[in-house]
Amino acid sequence: MRYIEPHGHMVSRVTDDYLDMVTAGCACVCEPAFWAGYDRSSVNGFHDYFCQLTDYEPKRAAKFGLPHFCWLCINPKESEDVKLAEEVVAIIPQFLERPNVLGIGEIGLNKNSRNEMKVLEMHVDLAARQNQLILVHTPHLEDKLKGTRLIVDVIKSDRRIQPDRVIIDHVEEHTIKLVRDAGFWAGMTLYPESKCSPARAIDLLENYGSDRLWLNSACDWGVSIPLNVPYTALEMKRRGWSAEDIDKVIYQNPIQFLSQCKKFKLPKG
Ligand SMILES: [Zn+2]
């Protein structure tokens, strides 16, 4: 089996996870910027985090032979402080040329507040000006449908952004159609307790088809399973999916989306 982990928060994982992922056939990992479990107190905290994502973490992954890419932003959970967000957005361009940076993400909404909306618009503008791909986080549970609609409206209203250069992550049964009908890619996050379970994700794939879709484990500091993409692939096989169809979802689809960034290349062989 070969697969890509397109959304994994590796800074919160141990080296055993890297070893297990590579052993299971992981060909590369992509790490969006996210909330660290606490609010950072100043722009310097983000500066250091962006250095970690673009310098230290790729070296740690390389020790296991795993290519590491990342996305940069101030995440929605820390977007209430608009002044801090402005400072963070201002330092992002100095990191965008680094070799493992794929784009702006994971931006989006958490509580669907007015300030989060402002910061979302700031990021979309930054991505448009810098011609960057976008990775979007959608809110949890009861806020998800409303938040997804707001996000789709904000991105759609910026004519500089091509929808097929945007992936909206954490879709579920009630948001997948909305996202793909608007021309975006959709991500399904395989969590043991919330978001999509492997069984629900496969039901969605069987009902809606597997175009413009990827699977990820998120594997952050909360309850999550770094091997949930290959575990889901095994479940697909059990349900009668062909090796080719599984490969499309867990390997070829992420490559198709991510290759829109020229820096995304996998080593040959
Ligand atoms: Zn995430």
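Keep in mind that the model is a predicted one. The helix to look for is α4, residues 114–130, and the metal to look for is a zinc ion held by His-7, His-9 and Glu-106. The cavity count, taking those of 30 Å³ or more, comes to two.

**Helix α4**

- Quite a few α4 residues are buried, including Glu-116, Met-117, Val-119, Leu-120 and Met-122.
- Further along, His-123, Val-124, Leu-126, Ala-127 and Ala-128 are buried too.
- What covers those buried residues?

**Zinc site**

- Three residues coordinate the zinc ion: His-7 and His-9 each use NE2, while Glu-106 uses OE.
- The distances from the zinc ion to these donors run from 1.9 to 2.1 Å.
- Along the sequence, the spacing of the donor residues reads H-x1-H-x96-E.
- Are the two histidines buried or exposed? Both His-7 and His-9 are buried.

**Largest cavity**

- The largest cavity has a volume of about 40 Å³.
- Its lining is made by Pro-139, His-140, Leu-141, Lys-144, Glu-172, Ser-194 and Lys-195.
- Sorted by type, the lining of the largest cavity has three charged residues, two polar ones and two nonpolar ones.

**Second largest cavity**

- The second largest cavity holds about 30 Å³ of space.
- Around this second cavity you'll find Ile-74, Asn-75, Pro-76, Ser-79, Ile-107 and Gly-108, plus Glu-116, Val-119, Leu-120 and His-123.
- The elements that supply two or more residues to this lining are β4 and α4.
- Which element gives the largest share of the lining of the second largest cavity? That's α4, with four residues.
- This lining divides into five nonpolar residues, four polar and one charged.
- Here the helix comes back into the story: Glu-116, Val-119, Leu-120 and His-123 are among the buried residues of α4, and these four also line the second largest cavity.

Technical notes:
Residues numbered from 1 in each chain as written. Predicted model: local features only at pLDDT ≥ 70, side-chain atom pairs only at ≥ 80, totals over all residues. Heavy atoms only, no water. Expected span 1.5 Å × (residues − 1). Buried < 20%, exposed > 50% of the residue type's maximum accessible area, 1.4 Å probe, protein only. Donors = N, O, S within 2.8 Å, 3.2 Å for Na, K, Ca; no water. 1 Å grid on protein atoms, 1.4 Å probe; cavity = no way out; pocket = protein on both sides within 12 Å on 5 of 7 lines; lining within 4 Å. Points joined across faces, edges and corners; volume = space filled by probe spheres on them. Nonpolar A, V, L, I, M, F, W, Y, C, P; charged D, E, K, R; others polar.
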